[in-house]
Amino acid sequence: MKRYVVPVGVLLCACGFTNGSPGSLAQTDTQSVPVRHGTVISNGCTLDSWQLETLGTPEMKAVVEDVVLLCLLPHADGSVTPNDPSGTVQLAMLVTQLQGMGYGVTLAADFVTDNGNVFDGTETAQELGTPGWSAKVATNIALAAQGANEVDLDLELLPASAKQDLTELVTLVAAAVHPQTKLGIFLPPATMTPSDVPGGDAFDVATIAQSADRFRVLTLDYAGVAPGTTPGPTIDSGWAVDAVRFALTNTGNVPVDVSFPLYGNDFTTSSLTAAVRSTTFLEAVGLGETYGQVPTRAPTQELVLDYTDDTNATHELWYDDARSTVLTLGAWDYTTLPSNIGVVFYGLGAEDPALWNAVAKATVP
């Protein structure tokens, strides 16, 4: 997952330590989780049979109310795909299917990729500054999202100089989709001004709040995903609280969500091949079985798997299971985060298959 790198100086966890065993966290057996508005994000315009089956379970419906499909792609010419007849029909059918299952459906526009290229924010800033581009994109987003309950905008790693252009884009999209469709904004997980994460200073949150119906704070990849980054958890509950509280200082009455990553991060710790990639829960389990290693619990209660692959590269893989997820969600009680803060689960399909049942059972009013 391409997200935010948190500076080492603000890391709060005891990263790198692995104490205990996967079955030693007895306190989560009775951990309660407060009721919150639940949303799940899936990358792409389609869902596989396993994802659809999961969405159809009572346990999932007890936890999640909305489904976000991160699939609309704005391009340099102002077009927004999918816009071909086949793609638009298939997407419309999926939106209708999900709504028929009882979910609200959001289509999110990903401004980070274009024709397979991943941008660092510079290209997007150039497009935002091109006369007429934002107006064209806003019109095409509204067309592509017809039938959806909400449209979200995902803009990352923008320079601070793009602030005015970004605000204009949000205003134009809001005018194009309101009142039929709501508008949500993905926010970098900044905890201060100037921003402590890339892209945070490009968002004039107080002004954008006049056009937005929801903010989703992307509290993902706490330990960072840059090559050579110190391995660590994908989320820290205290850091996430700080990011949400900081956002609340400017969002007014607009609803705000905290994010929880369903995927794990596999850090290659060999000095010559330092890198990181995202993994699913089932892949992490498979890697442990393949290389004969048993994961341990970190102080922050995530699972940590140390293994050496077939090329003799060493790895440190951090991931959550149902138990550690319930523990983190339970830490966000109403005293810590207000009851109107929602939770976004990022990465449908990457989670522990036992997750939704565990969260549903632990959730109490």
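Two residues are in contact, or touch, when they have heavy atoms within 4.5 Å of each other. Keep that in mind while we walk through this predicted model, in which local features need pLDDT of at least 70, side-chain atom pairs count only at pLDDT 80 or more, and totals for chains, interfaces and linings use all residues. Residues are numbered from 1 along each chain as its sequence is written, and side-chain values use heavy atoms, with hydrogens and water left out.

Let's start with one residue. Threonine 251 touches Val205, Ala209, Phe215 and Val256, leaving aside residues up to four places away in sequence. You'll find threonine 251 in the loop between helix H8 (237-248) and strand E11 (256-261); helices (H or I, at least four residues) and strands (E, at least two) are DSSP runs, numbered from the N terminus. Threonine 251 has a relative accessible area of 1%, and buried means under 20%, with exposed over 50% and partly exposed in between (1.4 Å probe, protein chains only). So threonine 251 counts as buried. Its C-alpha atom is separated by 9.1 Å from that of alanine 212, which is 39 residues apart from it along the chain.

Now step back to the whole protein. It has eleven helices and 18 strands, and 53% of its 365 residues count as buried. Among contacts between residues at least 6 apart in sequence, 78% join residues at least 24 apart.

What about the inside? In soluble globular proteins, nonpolar side chains tend to be buried together. A nonpolar core here is a set of buried Ala, Val, Leu, Ile, Met, Phe, Trp, Tyr and Cys residues joined through side-chain atoms within 4.5 Å. The largest one has 76 residues, and Leu153, Ile185, Phe215, Trp332 and Phe345 touch the most other members. Another core, of eleven residues, lies apart from it and includes Val68, Ala108, Phe186 and Tyr346. As for tryptophan 332, its contacts include Pro34, Ile235, Ala240, Val258, Phe260 and Val343, again not counting residues up to four places away in sequence.

Next, look at the sheet of five strands. It is open, with the order E13-E12-E16-E15-E14 and antiparallel pairing; two strands pair if DSSP finds at least two bridges between them. Strand E13 (275-279) and E14 stand at the edges with a single partner strand each, so one side of each has no neighbour in the sheet. E14 (residues 296-297) is joined to E15 (residues 303-308) by two bridges, and threonine 296 has valine 304 as its bridge partner. These two strands form a hairpin with five residues between them, where glutamine 301 in the turn has a positive phi of about 80 degrees.

On we go to E15 and E16 (residues 314-319), which pair over six bridges in the antiparallel sense. Here leucine 305 is partnered with leucine 317, while valine 304 stands opposite tryptophan 318. This hairpin also has five residues between its strands, and asparagine 312 takes a positive phi near 70 degrees. Helix H9 (residues 281-290) lies across E12 (264-268), E13, E15 and E16, running at about 115 degrees to E13. Axes are lines fitted to C-alpha atoms, for helices over the stretch in contact, and angles run from 0 to 180 degrees between N-to-C directions.

How much of helix H10 is buried? Eight of its ten residues are, so H10 is largely enclosed by the rest of the structure. Among the buried ones are Ala322, Ser324, Leu327 and Gly330. Their cover includes strand E1 (33-34), H8, E11, E14, strand E17 (342-346) and H11.

The axes of H10 (residues 322-331) and H11 (residues 355-362) come within 9 Å and cross at roughly 35 degrees. Ala322, Thr325, Val326 and Leu329 of H10 make the contact with Leu355, Ala358, Val359 and Ala362 of H11. By class, that contact has seven nonpolar, one polar and no charged residues, where Ala, Val, Leu, Ile, Met, Phe, Trp, Tyr, Cys and Pro count as nonpolar, Asp, Glu, Lys and Arg as charged, and the others, Gly among them, as polar.

Finally, there is a helix pair elsewhere in the chain. The axes of H5 (residues 133-144) and H6 (residues 163-177) come within 8 Å and cross at roughly 35 degrees. Ser134, Ala135, Ala138, Ile141 and Ala142 in H5 meet Leu169, Leu172, Val173, Ala176 and Val177 in H6.
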